[in-house]
Amino acid sequence: MLTIASRVDAMNRLGRAMADPTRSRILLSLLNGPGHPAQLARELELTRTNVSNHLACLRGCGIVVAEPEGRRTRYEIADPHLAAALTALVDVTLAVDESEPCVDPACGVPGCCGAEAGR
């Protein structure tokens with residue numbers, strides 16, 4: 001059972017991981033599928049050293065895992081539930097922008113998407 005302290009620790013680790021724009025970009029890339037440091041560096045136009053340092057931080061936070069593949073290492077989000085939660089978090093954050101439509105077709109949140117318009 002999760003205690004308040006363990007929940008706070010989990011939130012702090014996620015917050016630390018997402019607080020840096022480079023780590024956030026790496027996480028968004030890894031939400032699309034596993035990646036290797038060199039490939040992530042090319043895609044994100046960063047140095048491999050920079051990417052490797054941020055991946056080490058994300059690993060230390062328990063957000064990503066590293067799987068050796070011969071001489072390379074593949075990184076991916078540590079758990080499918082975490083990937084789904086991060087995707088949902090991004091979607092919810094974007095939905096807060098009043099100029100953007102809600103991304104949830106089954107939204108029942110009062111005041112969102114005209115949910116109360118028909119009531």
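# Helix packing in a predicted model

Student: In this predicted model, how close do the axes of helix 1 (residues 4-19) and helix 2 come, and at roughly what angle do they cross?

Tutor: The axis of helix 1, which covers residues 4-19, comes within 5 Å of the axis of helix 2. Angles of 65 to 115 degrees count as roughly perpendicular, and helix 1 and helix 2 are therefore placed in that class. The values asked for are within 5 Å and roughly 100°.

Student: Which residues of helix 2 meet helix 1, and how many nonpolar, polar and charged residues does the contact have?

Tutor: From helix 1, the residues taking part are Arg16, Ala17, Met18 and Ala19, and their partners in helix 2 are Pro21, Arg23, Ser24 and Leu27. By class, this contact of helix 1 with helix 2 has five nonpolar, one polar and two charged residues.

Student: How are helix 2 and helix 3 placed relative to each other, and which handedness does their crossing have?

Tutor: The axes of helix 2 (residues 21-31) and helix 3 (residues 37-44) come within 11 Å and cross at roughly 110°. The two helices, helix 2 and helix 3, are therefore roughly perpendicular to each other. As helix 2 passes helix 3, the crossing is right-handed.

Student: Is Ser29 buried or exposed, and what is its relative accessible area?

Tutor: Ser29 is found in helix 2, and, not counting residues up to four places away in sequence, Ser29 touches Leu40 and Glu43. A residue counts as buried under 20% relative accessible area. Ser29 is therefore buried, with a relative accessible area of 13%.

Student: How do helix 3 and helix 4 cross, and which residues of helix 4 are in their contact?

Tutor: The axes of helix 3 and helix 4 come within 8 Å and cross at roughly 115°. That makes helix 3 roughly perpendicular to helix 4, and their crossing is right-handed. Here Pro37, Ala38, Leu40 and Ala41 in helix 3 meet residues of helix 4, namely Arg48, Val51, Ser52 and Leu55.

Student: How many nonpolar residues does the contact of helix 3 with helix 4 have?

Tutor: The contact of helix 3 with helix 4 includes one polar and one charged residue. The number of nonpolar residues in the contact of helix 3 with helix 4 is six.

Student: Where does Glu45 lie, and what is the phi of this residue?

Tutor: Glu45 lies in the loop between helix 3 and helix 4 (48-60). With a relative accessible area of 73%, Glu45 is above the 50% cut-off and therefore exposed. Although Glu45 is not a glycine, its phi is positive, at about 55°.

Student: Which residues does Leu58 contact, leaving aside neighbours within four places in sequence?

Tutor: Leu58 has its place in helix 4 and is buried, with a relative accessible area of 0%. Leu58 and Ala78 are 20 residues apart in sequence, and their C-alpha atoms are 9.7 Å apart in space. Leaving aside its neighbours within four places in sequence, Leu58 is in contact with Ala17, Arg23, Ile26, Leu27, Ile63 and Val64.

Student: How far apart in space are Gly60 and Arg13, C-alpha to C-alpha?

Tutor: Gly60 is found in helix 4, and at 66% relative accessibility Gly60 counts as exposed. Gly60 and Arg13 are 47 residues apart in sequence, and the C-alpha to C-alpha separation in space is 8.9 Å.

Student: What percentage of the residues in the chain is buried?

Tutor: The chain exposes about 8100 Å², of which carbon and sulfur atoms supply 56%. Among contacts between residues at least 6 apart in sequence, 44% join residues at least 24 apart. Of the 119 residues in the chain, the buried ones make up 25%.

Terms used: Residues are numbered from 1 along each chain as its sequence is written. This is a predicted model: local features need pLDDT of at least 70, side-chain atom pairs count only at pLDDT 80 or more; totals for chains, interfaces and linings use all residues. Side-chain values use heavy atoms; hydrogens and water are left out. Axes are lines fitted to C-alpha atoms, for helices over the stretch in contact, and angles run from 0 to 180 degrees between N-to-C directions. Helices (H or I, at least four residues) and strands (E, at least two) are DSSP runs, numbered from the N terminus. Angles under 35 degrees count as roughly parallel, over 145 as roughly antiparallel, 65 to 115 as roughly perpendicular and the rest as oblique. A crossing is left-handed if the near helix is turned anticlockwise from the far one by less than a right angle, and right-handed if clockwise. Buried means under 20% relative accessible area, exposed over 50%, partly exposed in between (1.4 Å probe, protein chains only). Contact means heavy atoms within 4.5 Å. Accessible areas come from the Shrake-Rupley method with a 1.4 Å probe; for residues, only the protein chains shown count as cover. Ala, Val, Leu, Ile, Met, Phe, Trp, Tyr, Cys and Pro count as nonpolar, Asp, Glu, Lys and Arg as charged, and the others, Gly among them, as polar.
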